[in-house]
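Me: Hey, I've just opened this one and I'm new to it. Can you walk me through it?

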Amino acid sequence: MSRRFSCGFPVKLITDDQIICFFTQTGGCQHVTFDEESKLYNCTFYQLDDFKLYEGYYFDVREVKFTLTEPVSIKFLNHLVVRDKVSADEWRMAKVHLQVMISIYSPAMAHNWVHFVFPTTVATYAPKVAKPNAVLTDLLRPHRRFTEQLNYEVLDPSTLEFAMPTVALPFSKQEFRDYIAKECDTYYNQVGQVFPSPIISRNGLDKFPYVRQMKDYYDVILKFVEKMIPYIDEEEFYRFRSLIAESVKCAADAEMKDLLATYIWQVTVIHSLDHAAMYEFYRRMLTFTSMKIQMPYVPYSNTEYWTLFAKERGVPLTWVKSNPEKYMLTDADIGDSFVLIECFMEYIPDMFGDDSGLSQINYHFKDKSLSQFQEEFKKDLNALNDAHMAERDFKGNKVHLHGLEKIAQSIRD
Ligand SMILES: [Fe+2]
């Protein structure tokens, strides 16, 4: 395995502000919790303990703590690095490991529930339980397009070994598939109620721009779906719900409005904005990054290790300490991550009059009242978008999240 250090890609070290942006303004907040006593936010990565990584690769970060404006500490497997208690050199080196964790976290660990199990089940059964011209069919049709096929392509064992996204990951495709199954089972069958996702009501996270904007969108979609309810055949819905409950237990007693609104919100707003925010973060803010690292966390107090490290690379140790990202990451690993980010994260609109955006939704309802509700829905979405675009984050900067123009009608990548 090549251990050549990075000199070809102009990789930059993640800044403290970017760490906060990732956890509060992108889907990176999926596993964040708030501790009332310390007033700190915390994101843990203990699920990595179960991963079998390729030999020579490491994921040593286990926790990161932060406030709304700055990171406080990074906890490794058996070492705590508190920003104010270590040198700038030590903090930069610890951040290289965190940057790798942040880079792999969204595509491999925080986005699986968005794609799998519930969306797949809806996409599979929606065309089968309702009549072709039923309101339930019309309502879900634009939101299930592509979903079933895309999800199947990723998980199909016969094509898995050749599926490109996993080239950037330091573990096998089978390992990834097993992890997705385990994580989705936890989310859908052990967390409790997921209609809507608990992320928008988790204690203390309501201050995050990501959580606030996602909740705003959920409220608008719920308002629209509530208008649909009197027009949906109850028997059709109950059949549909019992089929979903075979895979998602808590669907069994979910209310119609919550289940349908969650589905639409998840495959449109959450999926699209998570992708757009990921791409913007990894490619535009970090420029280049790596989802894998071929060295463990070793503090600088281990002078023997770091002296040898610098010697092997033919540079003074001071150079390593000034720009650890250039020496701790390899060109090959950065290149693999670049492929994943460029090919799978950004939504590429159709060249010829793309009309797949949520703002252009057309359910083709036969009933005039329903068509009127559709227009009111689009109006509400646009008003919300205007409000979101005017928002500023904790430091007065424009919020990182994209707007309505990036939200597609269904899962498309
Ligand atoms: Fe996706």
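Predicted model: local features only at pLDDT ≥ 70, side-chain atom pairs only at ≥ 80, totals over all residues.

Me: Which residues in H4 meet which ones in H10?
Reply: On the H4 side they are Thr-121, Val-122, Tyr-125, Ala-126 and Val-129, and they meet Glu-236, Arg-239, Phe-240, Leu-243 and Ile-244 in H10. Two residues are in contact if their C-beta atoms, placed from the backbone, lie within 7 Å. Helices (H or I, at least four residues) and strands (E, at least two) are DSSP runs, numbered from the N terminus.

Me: OK, zooming out. How many helices and strands are there?
Reply: The protein has 16 helices and five strands. Its radius of gyration is 23 Å, close to the 22 Å that the globule rule gives for 413 residues, so the protein is as compact as a globular protein of that length. That radius is taken over C-alpha atoms, and the globule rule is 2.2 Å times the number of residues to the power 0.38.

Me: What box do the C-alpha atoms fill?
Reply: Roughly 75 × 50 × 45 Å, taken along the principal axes.

Me: What are the domains?
Reply: The domain assignment gives domain 1 (16–110 + 284–344) and domain 2 (112–275 + 357–406). Such bounds come from an automatic or database domain assignment. The centres of the two domains, taken over C-alpha atoms, are separated by 31 Å.

Me: How many residues are in contact between them?
Reply: 26 residues of domain 1 are in contact with 26 residues of domain 2. On the domain 1 side, the elements giving two or more residues are helix H1 (16–25), strand E1 (32–35), helix H2 (88–110) and helix H15 (331–344).

Me: Which of those gives the most?
Reply: H15, with six residues. By class, that side of domain 1 has 16 nonpolar, seven polar and three charged residues.

Me: New topic. Where's Val-117, and is it buried or exposed?
Reply: Val-117 is in the loop between helix H3 (112–115) and H4. Val-117 is buried, with 22 other C-beta atoms within 10 Å. A residue is buried if 20 or more other C-beta atoms lie within 10 Å of its own, exposed if 12 or fewer, and partly exposed in between, with C-beta atoms placed from the backbone. Phi of Val-117 is near 70°, a positive value in a residue other than glycine.

Me: What about Thr-287, buried or exposed?
Reply: Thr-287 counts as exposed, with 12 C-beta neighbours inside 10 Å. Thr-287 has a positive phi of about 70° although it is not a glycine. You'll find Thr-287 in the loop between helix H11 (256–285) and helix H12 (303–313).

Me: Which peptide bond is cis, with omega near 5°?
Reply: The one from Phe-195 to Pro-196. Pro-196 is in the loop between helix H8 (173–189) and helix H9 (209–228).

Me: What does Leu-273 contact?
Reply: Leaving aside neighbours within four places in sequence, Leu-273 is in contact with Leu-401, His-402, Lys-406 and Ile-407. Leu-273 is in helix H11 and is buried, with 22 other C-beta atoms within 10 Å.

Me: Last one: where is Gly-403, and what does it touch?
Reply: Gly-403 is in the segment after helix H16 (368–389). Not counting residues up to four places away in sequence, Gly-403 touches Asn-385, His-388 and Met-389. Gly-403 counts as partly exposed, with 18 C-beta neighbours inside 10 Å.

Note on methods. Residues numbered from 1 in each chain as written. Nonpolar A, V, L, I, M, F, W, Y, C, P; charged D, E, K, R; others polar.
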